[in-house]
Amino acid sequence: MAPDVDALLEGIRAGRRAAISQAITLVESTSPRHRAVARDLLTRLEPGRAVRVGISGVPGVGKSTFIEALGTRLTAAGHRVGVLAVDPSSIRTGGSVLGDKTRMARLATDPAAYIRASPSAGTLGGVARATVQAMMVLEAAGYDVVLVETVGVGQSEVTVAGMVDTFVFLTLARTGDQLQGIKKGILEIADVIAVNKADGDRQQEARVAARDLAGALRLVRGTGERAPSVVTCSALEDTGVDDVWARVLEHRDHLGEEGLARKRAEQQLDFTWALVRDELDQRLRRSPAVRAIRAEVRDAVLSGELPATVAADRVLAAYDGDAEPLPPV
Ligand code: GDP
């Protein structure tokens, strides 16, 4: 049964966790009826003004430990913190689900925090849609900081960078080529880079790594553009985590109110088209006319009988020829 929007809205405004969870489940749903109710709910939510921060890094870098340390600090300072996850890989592998509460034991029991694991919406586009909408629910419920966690898998980092104000990249000190293993694309989207696990006998190594990274970034970004801050921290010992947060706030200051508003507006426009593309892709997959010729096209292309350009035209013609417009997802 679709939930009552009025009751949900009231619960969200009052900051009730049950209502928030129910609303997020609703916006994650792919059923057409739920999608219609979700749209109604979302258009009636008051826009919030949370600080939106993306946190990324390879598995094991310390994301959950860092979020636990940072989140606990923020709630102690009077903030209300939402943690959301974008992890398209967990859908396929069923592996480590980001935003898993057992990975953030302290924050999970903190009344001023709300943690939500990555939705299993099937595609990155689906996960992104659900996450952006969940963020809107949390903001309307009065959460003033939203941390979006993601792993360095495929496009997920770029997707998250497109939904937050500031993007934090966690990395580790490596001997040898410091940039090895860090995709160039990440260096281009990161606003703050933190070399984590700077504790014990790894402190010095981390500091050297941070300095090398800062140098490399100046080359990647070129002059004129603001290079991201590079700092070291230990999520485990909670040292330098406050400094990472200070750099996040500094980045917001640098954007200024106008710059931030413009960034968010541009993100909305990009996201609009991303949603359209995702939806078109889904429709293409579901199109009966396309399904009917898929195997034939596949065989013809694989055997070299049909050039890709002709095959693509045939698939598109089949899609366009679908007599009935498909229902919305
Ligand atoms: P995630 O996969 O990125 O979320 O990484 P986790 O937060 O689960 O951390 C992976 C492992 O690294 C765990 O055993 C943590 O205890 C450890 N770890 C995380 N942060 C630090 C740190 O700052 N210093 C040290 N020494 N270990 C850390």
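User: By class, how many nonpolar, polar and charged residues are in the shell around the ligand?
Analyst: Keep in mind that this is a predicted model. The shell has five nonpolar, six polar and five charged residues.

User: OK, and which of the 16 residues around the ligand come nearest?
Analyst: Those are Gly-60, Lys-63, Thr-65, Arg-103 and Asp-199.

User: Which helix gives the most to that shell?
Analyst: Helix H4, covering residues 63–76, with three residues.

User: What about polar side-chain atoms, say on Lys-197? How far is one from a ligand oxygen?
Analyst: Lys-197 has one 3.0 Å from an oxygen atom of the ligand. For Asn-196, an N or O atom of the side chain is 3.2 Å from a ligand oxygen. Gly-62 uses its backbone instead: an N or O atom there lies 3.0 Å from an oxygen atom of the ligand.

User: And how much of the ligand does the protein bury?
Analyst: 73% of the 580 Å² that the ligand exposes when taken alone.

User: Switching to H3. What span does it reach, and what's expected?
Analyst: H3 runs over residues 32–44, 13 residues in total, and reaches 19 Å from first C-alpha to last. That's close to the 18 Å expected at 1.5 Å a residue.

User: Which residues of H3 are buried?
Analyst: Arg-35, Val-37, Ala-38, Leu-41 and Leu-42.

Definitions and conventions
Residues are numbered from 1 along each chain as its sequence is written. This is a predicted model: local features need pLDDT of at least 70, side-chain atom pairs count only at pLDDT 80 or more; totals for chains, interfaces and linings use all residues. Side-chain values use heavy atoms; hydrogens and water are left out. A residue is near a molecule or strand if one of its heavy atoms lies within 4 Å of it. A polar contact is a pair of N or O atoms within 3.5 Å; within protein, one must be able to donate a hydrogen and the other to accept it, and residues adjacent in sequence count only if both atoms are side-chain atoms. Accessible areas come from the Shrake-Rupley method with a 1.4 Å probe; for residues, only the protein chains shown count as cover. Helices (H or I, at least four residues) and strands (E, at least two) are DSSP runs, numbered from the N terminus. Ala, Val, Leu, Ile, Met, Phe, Trp, Tyr, Cys and Pro count as nonpolar, Asp, Glu, Lys and Arg as charged, and the others, Gly among them, as polar. The expected span of a helix is 1.5 Å times one less than its number of residues. Buried means under 20% relative accessible area, exposed over 50%, partly exposed in between (1.4 Å probe, protein chains only).
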